Amino acid sequence: RSPMNYQEAIRIAEEREKKLREVFDRCDDNRSGSIDMEEILPVLDDLGLARRLKSDRIEFAARVFLSYDVDGSGELSFEEFKGVYNAAVDDCAGKKPKARPRRAVRRQDGPLGPDATEEEREKYAEHMARLKAAESERIRRENAELKSDLKGKEPKVAEKEFLKARKEAMQERVRRRAEDKARIAEENKNMRARLRAVQATVDTNAYDDAVDVDGDGVTDMSVAEAQRMMAAESAAARQALAEEHQCNEQELAEMRENARSMLDMDIRDDPAGVARAEIAALKEELAR
């Protein structure tokens with residue numbers, strides 16, 4: 001290729017990025033350098049891509065939400081948005097989406113709690129992506145209806161009114177989202193506090209409930225006190241049993257020793273002649 005062709009390619013790329021930046025900045029109302037994920041389909045509609053997508057628009061939006069919202073913030077930087085734009089161009093051309101690593105679902109994502117499995121977090125992320133995609137399509141339709149209502153007006157006037165109306169709608173959505181976020185955060189905080197209180201009540205009641213130990217119909221002590229008493233009694237019983245066992249062993253040893261001594265003494269002290277004389281006398285008595 002000639003240098004002129006390269007220069008032309010660079011010029012086209014620069015013009016395309018300039019156009020993307022203009023459209024992006026129109027949605028970046030507070031100049032934060034990012035746009036909400038829900039603005040994807042409206043922005044792609046402004047670029048003439050949303051209606052040309054081969055994929056279902058909601059499915060496409062949900063897919064890019066999961067792929068390009070790298071930090072899980074629900075917003076897109078301009079660099080991330082360029083990736084979404086390229087994905088939309090490929091989809092319009094019928095190309096298969098390029099494989100991208102799915103973002104790791106953070107442990108704090110959603111109300112799942114720290115014990116949720118990775119599969120549960122993944123399903124929750126997919127569910128939220130579809131909800132955002134559906135909202136993005138709703139906004140796109142809303143903008144399309146607004147444009148349709150302004151048809152017939154002078155183009156510059158129509159564009160000015162459209163941008164004003166869209167900006168107001170966008171600001172209202174931002175306000176509602178902030179309120180919803182604060183409300184949900186407060187509800188989650190209260191729910192966690194209630195769960196802690198319930199757990200503490202259950203634990204306290206389990207140990208404070210009074211019990212009738214001796215069966216006389218009168219409560220004697222709490223469960224905790226009964227448990228401590230039973231533990232003490234068990235320890236004392238085990239000690240007494242060990243002492244009794246030791247005493248029995250000593251007594252048995254003494255008995256064995258005494259029996260052995262007595263047997264040895266009898267064998268040594270009995271004269272052999274005495275036994276023989278007694279036997280002879282017994283034979284003589286029987287002979288009579």
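Me: Before we start, what should I keep in mind about the model and its numbering?
Reply: Residues are numbered from 1 along each chain as its sequence is written, and side-chain values use heavy atoms, with hydrogens and water left out. The model is predicted, so local features need pLDDT of at least 70 and side-chain atom pairs count only at pLDDT 80 or more, while totals for chains, interfaces and linings use all residues.

Me: How many helices and strands are there, and in what order do the elements run?
Reply: The protein has eight helices and four strands, where helices (H or I, at least four residues) and strands (E, at least two) are DSSP runs numbered from the N terminus. From the N terminus on, the order is α-β-α-α-β-α-α-α-β-β-α-α.

Me: And how much of the protein is buried?
Reply: Of its 288 residues, 24% count as buried; buried means under 20% relative accessible area, exposed over 50%, and partly exposed in between, with a 1.4 Å probe and protein chains only.

Me: What does Phe-78 pair with in its own helix?
Reply: Phe-78 also pairs with Phe-81 in a tilted arrangement, 6.5 Å centre to centre and 35° between the planes. The two are three residues apart in helix H4, and are therefore separated by about one helical turn.

Me: What sits over the ring of Phe-78?
Reply: The charged end of Arg-21 does, 3.8 Å from the ring centre; the criterion is NZ of Lys or CZ of Arg within 6 Å of the ring centre and within 35 degrees of the ring normal.

Me: Changing topic, how do H3 and H4 pack?
Reply: Helix H3 (residues 57-68) and helix H4 (residues 78-92) pack at about 140°, with axes 11 Å apart, the axes being lines fitted to C-alpha atoms over the stretch in contact and the angles running from 0 to 180 degrees between N-to-C directions. Phe-60, Arg-63, Val-64 and Tyr-68 of H3 make the contact (heavy atoms within 4.5 Å) with residues of H4 including Gly-83, Val-84 and Ala-87.

Me: Where is Glu-38, and what does it touch?
Reply: Glu-38 lies in the loop between strand S1 (34-36) and helix H2 (40-46), and it is buried, with a relative accessible area of 10%. Leaving aside residues up to four places away in sequence, Glu-38 touches Phe-65, Lys-132, Glu-135, Ser-136, Ile-139 and Arg-177.

Me: And Leu-131, where is that?
Reply: Leu-131 is in helix H5 (residues 118-149) and is partly exposed, with a relative accessible area of 45%.

Notes:
Rings of Phe, Tyr and Trp (its six-membered ring) pair if their centres lie within 6.5 Å; planes under 30 degrees apart count as stacked, over 60 as edge-to-face and the rest as tilted.
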